[in-house]
Amino acid sequence: MCSEVPEMPVVYADDSIAVFSKPSGLLVHRGWGRDSTTALDIARDYLGRWVYPVHRIDRGTSGLLVFALSPEMASKTQSVFEAGQVKKRYWAIVRGNPGEGLVDHAIPRREDGPRVEAKTRYRTLWSGDRFSLVEAHPLTGRL
């Protein structure tokens with residue numbers, strides 16, 4: 001746990017939602033972790049109001065994180081994510097050359113909870129001697 005608050009720039013904001021660029025290593029909200037600062041805390045402090053995360057990004061993943069600014073907008077936006085209408089794309093540097101394929105591995109919704117379907121399609125964009133750049137598209141995940 002770090003006492004220094006990480007930087008989390010705003011990428012977009014309007015009257016309904018705010019999108020932040022979450023750095024790797026930061027939890028979205030308190031749950032399994034006991035970190036003193038979360039992305040939710042940073043977004044709330046920055047905007048000076050209560051915010052509602054509409055999806056999660058793993059602690060080790062950097063990327064765009066959407067917060068709704070009202071419970072009603074959170075519900076509407078979460079519905080879009082749950083219906084699979086949001087297309088996500090990740091880039092990763094990996095060891096070796098995995099080619100392309102599908103990872104189909106159920107994950108727990110919560111610690112010791114039931115497992116939910118989790119599928120991600122991936123393909124290699126570039127490969128060097130020992131490392132490759134891979135593009136991944138999550139098709140399902142923990143909600």
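How many positive and negative side chains does the protein have, and how far apart do the centres of the two sets lie? The protein has 20 positive and 17 negative side chains, with the two centres 4 Å apart. Lys and Arg count as positive and Asp and Glu as negative, while His and the chain ends are not counted; each charge is placed at NZ of Lys, CZ of Arg, CG of Asp or CD of Glu.

The model is predicted: local features need pLDDT of at least 70, side-chain atom pairs count only at pLDDT 80 or more, and totals for chains, interfaces and linings use all residues. Residues are numbered from 1 along each chain as its sequence is written, and side-chain values use heavy atoms, with hydrogens and water left out.

Two helices and ten strands are present in the protein, in the sequence order β-β-α-β-β-α-β-β-β-β-β-β. Helices (H or I, at least four residues) and strands (E, at least two) are DSSP runs numbered from the N terminus. The C-alpha trace spans about 50 × 35 × 35 Å along its principal axes.

Of the 143 residues, 26% are buried, that is, under 20% relative accessible area with a 1.4 Å probe and protein chains only. Contacts are defined by heavy atoms within 4.5 Å; among those between residues at least 6 apart in sequence, 50% join residues at least 24 apart.

Helix α1 comprises residues 39–47, and A39, L40, D41, I42 and A43 are buried there. The buried residues of α1 pack against β2 (17–22), β3 (52–53) and β4 (63–68). Just after α1, G48 adopts a positive phi of about 70°.

Note on methods
Buried < 20%, exposed > 50% of the residue type's maximum accessible area, 1.4 Å probe, protein only.
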